[in-house]
Amino acid sequence: MNFRMERVNLEIKNSLSEIISNMNNSKISNQFVTIADVETSPDLYSSKVLISCLSNDEKNCEEIVEILNSSKGFIKRELAKKIKIKRIPDIYFVADYFEKHAQRIDDLLKQIKKD
């Protein structure tokens, strides 16, 4: 990935963090929701946003992702106000379970080492 795309991804990530934290939705405001990563296509047509939830309930995290995906129009308008790029990409929110899977693997490795 080139330097320009890294900057675009970082700018989108920072702006989306601010937009999501200011949303008036009780489901989102009651959870600790973070943006794990943003992957924007080189033509700026789409961005995949990986959302990480602190709760242990995967169903709850999926509900938050559904809420964010249903609010894409609002989020895209707010993003257009914050960043100045040629094209504001379509945003697709996806749940990120990397840390949970990594923790489970770590626990299994510790258990093997113990045995």
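Phe93 is buried, because its relative accessible area is 4%, where buried means under 20% relative accessible area, exposed means over 50%, and partly exposed lies in between (1.4 Å probe, protein chains only). The place of this residue is in strand E3, which covers residues 90-95; helices (H or I, at least four residues) and strands (E, at least two) are DSSP runs, numbered from the N terminus. The structure is a predicted model, in which local features need pLDDT of at least 70 and side-chain atom pairs count only at pLDDT 80 or more, while totals for chains, interfaces and linings use all residues. Residues are numbered from 1 along each chain as its sequence is written, and side-chain values use heavy atoms, with hydrogens and water left out.

Once neighbours within four places in sequence are set aside, Phe93 is in contact (heavy atoms within 4.5 Å) with Ile20, Val49, Ile51, Val65, Leu68, Asn69, Lys72 and Ile75.

Ser15 lies in helix H1 and is buried, with a relative accessible area of 6%. Its side chain reaches the backbone oxygen of Glu11 at 3.0 Å, which is a polar contact, that is, a pair of N or O atoms within 3.5 Å; within protein, one atom must be able to donate a hydrogen and the other to accept it, and residues adjacent in sequence count only if both atoms are side-chain atoms. Leaving aside neighbours within four places in sequence, Ser15 is in contact with Leu79, Lys82 and Ile83. Asn9 is also found in helix H1, and at 7% relative accessibility Asn9 counts as buried. The side chain of Asn9 reaches the backbone oxygen of Val38 at 3.4 Å.

A salt bridge here is a side-chain nitrogen of Lys or Arg within 4 Å of a carboxyl oxygen of Asp or Glu, and the structure holds four of them. Both ends of this one are partly exposed, Lys82 with a relative accessible area of 35% and Glu18 at 41%.

Another of the salt bridges joins the side chains of Lys76 and Asp90, at 2.8 Å from N to O. This pair, too, links distant parts of the chain, with Lys76 in helix H4 and Asp90 in strand E3, 14 residues apart. Lys76 is partly exposed, with a relative accessible area of 27%, and Asp90 is likewise partly exposed, at 34%. A further salt bridge is formed by Glu39 and Lys48, whose closest N and O atoms are 3.6 Å apart. Glu39 is partly exposed at 37%, as is Lys48 at 36%.

The loop between strand E1 (33-40) and strand E2 (46-53) contains Leu44, which has a positive phi of about 65° although it is not a glycine. Most residues other than glycine have a negative phi. Leu44 is buried, with a relative accessible area of 3%.

What lies over the face of Tyr45? Arg87 does, at 4.1 Å from the ring centre; a charge sits over a ring if NZ of Lys or CZ of Arg is within 6 Å of the ring centre and within 35 degrees of the ring normal.

The torsion about the S-S bond is about 75°, so the disulfide of Cys53 and Cys61 is right-handed. Both cysteines are buried, Cys53 at 6% relative accessibility and Cys61 with a relative accessible area of 1%.

Notes
Disulfide = S-S within 2.5 Å.
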